[in-house]
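Have a look at the sequence and the structure first.

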Amino acid sequence: MTDLVIETASLRKEFRTRRGVRVAVDGLDLAVPAGGVHGFLGPNGSGKTTTIRMLLGLARASEGTMRLFGQPVPHQLPSVIDRIGAVVESPKFSPSFSGRQNLTLLARSIGVPTTRVAAAVETVGLTDRDKDRYKSYSLGMKQRLAIAATLLKEPDLLILDEPTNGLDPAGIREIRDTIRDLGESGVTVLLSSHILAEVQQVCTSATIIGNGRMLASGRVDDLIGTSTSYRVAAADPDAVRRVLTDAGFTVAEHDLLVETDRPADVTQALGAAGIWLTELTPVRADLESVFLQLTAGDQMGGGQ
Amino acid sequence: MLRLVRVELTRLRWRRAVMLLLIAAVVIPAVVAAVTLWNTRQVSDAEIAGVARDNASEIARCEKKPHRYGLEDADGCQAQIVGWYVGRQPLSLQEQRHENTGLGVATILAALLLLVGTTFVGHDWNTGSMSNQLLFEPRRGRIWAAKAIVVTGVSAVLGAIVFSAYWLALWAVADSRGLPASHAELLDCLQLGWRGAAFAACAALGGYAMTMLFRSTVATLGVLLAVALAGGIVIAALGIGERWQPQVNLSAVVENGATYYVDPPQSCFNGAPPEGVDCSGERHLDLAPAAGYWGIALVLVGAVSVVSFRRRDVP
């Protein structure tokens, strides 16, 4: 038995284009533990959506193995698909059907009672518009309907690819709260997102990929690290830099950022040198800085 | 599987474009039947009197010189002249059958149901909802089969009902007009209709399979148009016989055999034709080889479509 819900080993995906072979995912080893919300981060074109599409059987892997709930996929995907809800890229429904009709067809295809359709629609706040045609929905409403579709199965694993795209701030907060609640209720959520602050707020663990390769993975706190920097300001910055360097502190090259967990030592060293601080602000590392640091070499832009 | 079939049946029923095509598949044969009945309506006494009045001078000329009108005497002049101007034949199932009305209706129905097959699934590809369906049922073979069963089944049932109604209506009207219409003739026409329905259902399946292959209604229709326009020309240019022309094989399926023509062998033009050589140039194509022609084409398209759908990435 394994406590990993998602597991990939040496996963690779190549696309044949006119200009040759393009590698979208290159030897990816992904491990998502059961429970909690796991962030899946990477710049555009880094292979996030391709990885998700391979996990869900929409795309074939060129090499490597994948497991969901310990079952090899895509071969055993039918045995676990009822436990997985997913929104991949933009929501895709029949535009001429109403939201309710779209959900009803999906529910019937897996033998879910249609009463659950009403419950899912209510959960995402679409009850008033569920009989309107899907094509009349705003992007945010389409996104909510896609999330409602994932809830039809009452999934153990929720895979969400940019779920807050197109939502207004209130909608983003609602979805974020829903994701957090689902994670806390025991559902494993794989959240692919560009909004790093969002990931940091809701995710317990994260994987960062770039150019189809894994760059970092682990608990969000571990990825960010515990070390804290302090921004220092005084009338003579050069004197501050000299004094602190002489006192053995590490000072950032372009900014007066001092890495330490004892800010009192900074004030003491500068006070002894007759320098009086005008600012001493703790600057804690965040996921964005970690992300940018790790993906600095990756090309930004482009599709997946 | 039954659950998926039911879902696809609902999806088909809810799709407006499909419903419009199915309605057209009922209305167009009904209009053809109505026009046929109108064009073969009995000539009334008032109509005869009106035509006779309008053509009185010609009737008079005929009565003066009946031999110029191919008549022995003047008695038949009025009937002949009126017959020319009224120009209507009484309703005859046999004649309708031989005048290819049934083949025409079968062709129209096949075209409409082919559009049903392409539109039904082309919409899934166009909107991307196919991938959503696969997130709920990842067994692609089942998805392909469920949709195919629904498209073919609905087309077959609708075709059978439309054709049966078409020929039964003609038969009933002929009977009510006191015209000869035997049960054997009716059965012959019904069988023609059912073969037409079977062909139309296969056309729907073919359209569906091609769209699952090309993933676009427009692409499928483009390929079919190209085949329709260039296929016959290519077959003729390659010197392949008329036996392989699609329309000859369509006629043979619907009408239980068809006649086509070939160039007689050169030996037929050198004096007396050799023994055992058919110099008439006329050949007969039976139902079985024509059904095989279409069957092989359908199986090939279907097999490529299934393999492609199972293997290719879904957008």
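What follows covers confidence, a helix pair, a set of strands and the contact between the chains.

This is a predicted model, where local features need pLDDT of at least 70, side-chain atom pairs count only at pLDDT 80 or more, and totals for chains, interfaces and linings use all residues. Residues are numbered from 1 along each chain as its sequence is written, while chains are lettered from A and ligands numbered from 1 in the order in which they are written.

**Confidence**
- For the complex, the predictor gives an ipTM of 0.76 and a pTM of 0.80.

**Two helices in chain B**
- Helices (H or I, at least four residues) and strands (E, at least two) are DSSP runs, numbered from the N terminus.
- In chain B, helix α7 (residues 101-127) and helix α9 (residues 140-176) have axes that come within 11 Å and cross at roughly 155°; axes are lines fitted to C-alpha atoms, for helices over the stretch in contact, with angles from 0 to 180 degrees between N-to-C directions.
- α7(B) and α9(B) are therefore roughly antiparallel to each other (angles under 35 degrees count as roughly parallel, over 145 as roughly antiparallel, 65 to 115 as roughly perpendicular and the rest as oblique).
- Residues in contact have C-beta atoms, placed from the backbone, within 7 Å; on the α7(B) side they include V105(B), L109(B) and F120(B), and on the α9(B) side they include K147(B), V151(B) and Y166(B).
- By class, the contact of α7(B) with α9(B) has 9 nonpolar, 3 polar and 1 charged residues (Ala, Val, Leu, Ile, Met, Phe, Trp, Tyr, Cys and Pro count as nonpolar, Asp, Glu, Lys and Arg as charged, and the others, Gly among them, as polar).

**Strands in chain A**
- Strand β1 (residues 4-17) of chain A pairs antiparallel with strand β2 (residues 20-28) of chain A over 7 bridges; strands pair if DSSP finds at least two bridges between them.
- A hairpin through 2 residues links β1(A) to β2(A), and K13(A) sits opposite V25(A) in β2(A).
- β1(A) also runs antiparallel to strand β5 (residues 63-68) of chain A, with 5 bridges, and R12(A) faces E63(A) in β5(A).

**Where the chains meet**
- Chain B and chain A each put 23 residues into the contact.
- On the chain B side, α1 (2-14), α7 and α8 (129-136) each supply at least two residues.
- That side of chain B divides into 8 nonpolar, 8 polar and 7 charged residues.

Methods
Two residues are in contact if their C-beta atoms, placed from the backbone, lie within 7 Å.
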